[in-house]
Amino acid sequence: MAQSLDLDDIQGLILHGYGELDDAYFVMLSIDDVAAAKRWLAEMAGEVRNSISRPYDPLCNVAFTIQGLRRLGVSDDAIGLFAREFQEGMSTPHRRRALGDHGDSAPERWRWGRPDENDSHVLLMLYANGETALQQLYDAHAPRFIAGGLREVHRLRSLTLEGRKEHFGFRDGIGQPIVEGIDKPGPDSNRVKAGEFILGYPNEYGQYSDRPLVPADGPGSLLPKAEDNPDLRDLGRNGTYMVFRQMAQDVHAFWSYLDGATRKPDDTSDPSAMIELASKMVGRWPSGAPLANSPSSDDPALQDDDNFLYHEADPDGYATPSASHIRRTNPRDMLGPDPGSKKSIAIGNRHRILRRGRAYGTPLAASMDPVDMLAAGDDGEERGLQFICFNTNIGRQFEFLYQTWVNNPRFAGTYNEPDPVIGDMDPQDDGGQGEFRVPQRPVRDRYTGLSRPVTIKGGAFFFFPGIRAVRYLSALP
Ligand code: N7H
């Protein structure tokens, strides 16, 4: 029996994604005046949107860096109980190796979230439908956070592209776990315990992921009781950890590589071969249709299809290559020791993330058609993905996925094949390049000379609290 969730206390982005609100600002704020900021936060606690219903009107959510929590007066004891990854930050030496953040993606070069940056405290996330509504929402909030002693240090814009595509031209946001306790249709293999994505509930191990429990007196009385320790209050409950990475995409380089790799014998472009190879790299066609259920051509009728496994029909990756982006970021039933079994799916479900990212920047071609994108050339503009995901165990979910699957050149029996879309092809920073093999009979096609078409421009881990926890933070002495 699935546990019921406190929908009134869970900020809406976790469970809804705000698909109807296609524009967003992510405003990074620094707390200059702590007392004023707490008054502002007390007001915000009454306004941040919860998860009760799918919203259509402008709204806000809030998140905090570890520095922000300290600045608001969270005790050292409580800070020490947050997940270690959140306490340490995204750019520790070990973590930057695991994530491939070096060279042009080195944290020292980031626009925000740099290791020397200590003044990003609160992230105000504003969502609205259309540019005008978003600007009005921002204009309504700005004087209030300024009066609340908060200074804007960064503002990131993001938007939903036509057909929910990302900048390379593929429909995104389809493969998602279904959070147990939410009434949503989908295969059982895809149903994952709420505690994997929301703190204070049991996870896939039947345990509670790391989060701070605090004394019940004073502001602690505002918080819900900890399920596993009713004498204490749960500062984490209904909150989670949010991973945010600004990932610039070199769309021209991506499609140029594909063009060069698929030219006809007379050296002219072969658009359908280009799209087919790109789809092999992603694991879905541009419409979103999965290669697993439509191996030889795109089928827009399957644009939201997330009902497939790999082992029985395609153990060797003839439809969806093992090295492809979606097969390695969610291997479904391919994990050992017993691929194809329920156990294999259960193991995979300990490494899921709930993605809530959106694009930023103008598309290279309005049509989002690869041929037009290629024809547009390199316009020098920055565009990409504001990658956002939720998980309660950053090490076991987001980070594991990156280190063990995305950046692993030997994933699932491959050789020198990191993720062809986002993987680190040059771990030594010495001009190394990646490969990608497409299993075919009788011999597989092998593509060499791949470079990563994505550069990291900023990033941080945040605590994305429950709404009562926002009230608690505003009431700290
Ligand atoms: Fe990925 N892309 O354009 O190729 N991603 N992703 N991603 N991604 C997915 O299934 C993309 C990134 C996952 O359940 C699709 O929703 C790009 C990071 C996971 O089958 C497409 C970037 C991480 C899935 C892209 C990027 C992931 C997934 C297919 C960066 C995690 C679901 C649409 C610029 C560390 C897998 C869909 C499943 C799907 C692309 C980043 C993870 C098209 C361009 C950083 C778990």
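Which side chain has an N or O atom 3.1 Å from an oxygen atom of the ligand? The side chain is that of Glu-166.

## Basis of the model

This is a predicted model, in which local features need pLDDT of at least 70 and side-chain atom pairs count only at pLDDT 80 or more, while totals for chains, interfaces and linings use all residues. Residues are numbered from 1 along each chain as its sequence is written, and side-chain values use heavy atoms, with hydrogens and water left out.

## Ligand surroundings

Around the ligand stand 27 residues, each with a heavy atom within 4 Å of it. Glu-166, Ile-174, His-325, Arg-332 and Arg-355 come nearest. A side-chain N or O atom of Arg-355 is 2.7 Å from a ligand oxygen atom, and a polar side-chain atom of Arg-284 lies 3.0 Å from a ligand oxygen atom.

The shell comprises 15 nonpolar, six polar and six charged residues (Ala, Val, Leu, Ile, Met, Phe, Trp, Tyr, Cys and Pro count as nonpolar, Asp, Glu, Lys and Arg as charged, and the others, Gly among them, as polar).

## Asp-6

Asp-6 is located in the segment before helix 1 (12-16); helices are DSSP runs of H or I with at least four residues, numbered from the N terminus. The side chain of Asp-6 makes a polar contact with the side chain of Asn-238 at 2.9 Å (a pair of N or O atoms within 3.5 Å; within protein, one must be able to donate a hydrogen and the other to accept it, and residues adjacent in sequence count only if both atoms are side-chain atoms).

Conventions:
Helix = DSSP H or I, 4+ residues; strand = E, 2+ residues; numbered from the N terminus.
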